[in-house]
Amino acid sequence: MTDDGRWMDAALALGARGLGRVWPNPAVGCILVRDGRVVGRGRTADGGRPHAEAAALSQAGDAARGATAYVTLEPCAHHGRTPPCCDALIAAGVARVVVAMTDPDARTDGRGLERLRAAGIDVAVGVREGRARALQSGFVSRVTRGRPVLTLKLATTLDGRIATATGESRWITGPAARAHVHAQRGRHDAVMVGAGTARADDPRLTVRGLGDRPQPVRIVWTTALDLSATLNLIRTARDVPTWFLHAAGDPAPFQDVGVRTILTDTTGPAAVLAALGRTGLTRIYCEGGGTLAAMLLRAGLVDRLDLYTAGAAVGADGVPGLGGSGITALADAPRLALRDVRPIGPDLLSVWEP
């Protein structure tokens, strides 16, 4: 039907508001339309409950009977902490369900659509599927690959440096770019840095300037847990979720102040991302530093690179944006394709993907 794309676009925009707030659940949007009028709308709530369909049905009440439901992901068919959403749609008397994409979770994966059709509901699938898959990339990655999607963020000078020779790095980019980074943090479940960055920059890794909202998990990738208790991340671990990935060291002192420690093989980046996938994380925003960034790129684990470039140059004695990777032949260098480029204030953002 001619309006299906328009209503699904609205449902996708609604669902996108849940990015970074609903893991381990997908960020789903649902809009109920009857006689050309919206009678209910909902997105997956912060923390993952209630689901989008339940929120929309609750708002619509009796007006849901005979309506068309536009849902960005196939309604779930399994019992979890809530009953299946496909059953809720059936019980509400919805006449038609338009779905952007099927759910890759084996507990649903077509079963929700089958139940809807068996109940006599008209079902359409694939409306705005490309946009839906982009929105659900993290959830799909965790379900099908066992790991979250990973966005690598770098902020460099024109000559690819992230600090001067003395280590000064605040601020390479301007306020507009930094605000954009905060918005990007907010669209991810977790923000990750290496131990070197945690020590050198003493970052907070929180989302600021966007109002009251859940904070992403803060992750430090460290080998031996040799981090000072005076760091911001440790001092505020009881206020903002903070996780340390480690292969050695005594976790007890960190656990005592609220840090969650995860023992894993920190020399194997694929193993680290798999461990994070098992926690339920779907989207990770990695802010370096150079050693960690080079490792992830070389391992082919970067799903998107956000490169902020400032109109400044500090020369060859500055700190490079990427650490050594052992590449001696151009044929072995990771290759990315440019997907977007735009100015952010006086700086430039280029987006790259495999």
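Student: Is Leu338 buried, partly exposed or exposed?

Tutor: This is a predicted model, and Leu338 lies in strand 15, residues 337-344. Its relative accessible area is 44%. Buried means under 20% and exposed means over 50%, so Leu338, with its 44%, is partly exposed.

Student: Which residues form a nonpolar patch on the surface with Leu338?

Tutor: The patch has about 250 Å² of accessible area, counted for its members together. Besides Leu338, the residues that form this patch are Val341 and Leu348.

Student: Is Ala275 buried or exposed?

Tutor: Ala275 lies in helix 11, residues 269-278. The relative accessible area of Ala275 is 6%. Because buried means under 20%, Ala275 is buried.

Student: How many Å apart in space are Ala275 and Arg147, C-alpha to C-alpha?

Tutor: In sequence, Ala275 and Arg147 are 128 residues apart. In space, C-alpha to C-alpha, the separation of Ala275 and Arg147 is 7.7 Å.

Student: Which helix is among the elements that cover the buried residues of helix 12?

Tutor: Helix 12 spans residues 290-298, and its buried residues are Gly290, Leu292, Ala293, Ala294, Leu296 and Leu297. Their cover includes several strands, among them strand 6 (149-156) and strand 12 (283-286). The cover of these buried residues also includes helix 11.

Student: Which residue just after helix 11 takes a positive phi?

Tutor: The buried residues of helix 11 include Pro269, Val272 and Gly277. Just after this helix, a positive phi of about 105° is taken by Gly280.

How values were computed
Residues numbered from 1 in each chain as written. Predicted model: local features only at pLDDT ≥ 70, side-chain atom pairs only at ≥ 80, totals over all residues. Heavy atoms only, no water. Patch = residues over 30% accessible without salt bridge, like charges linked within 9 Å, V, L, I, M, F, W, Y side chains within 5 Å. Areas by Shrake-Rupley, 256 points an atom, 1.4 Å probe, with all protein chains shown as cover. Salt bridge = Lys/Arg side-chain N within 4 Å of Asp/Glu carboxyl O. Helix = DSSP H or I, 4+ residues; strand = E, 2+ residues; numbered from the N terminus. Buried < 20%, exposed > 50% of the residue type's maximum accessible area, 1.4 Å probe, protein only. Contact = heavy atoms within 4.5 Å.
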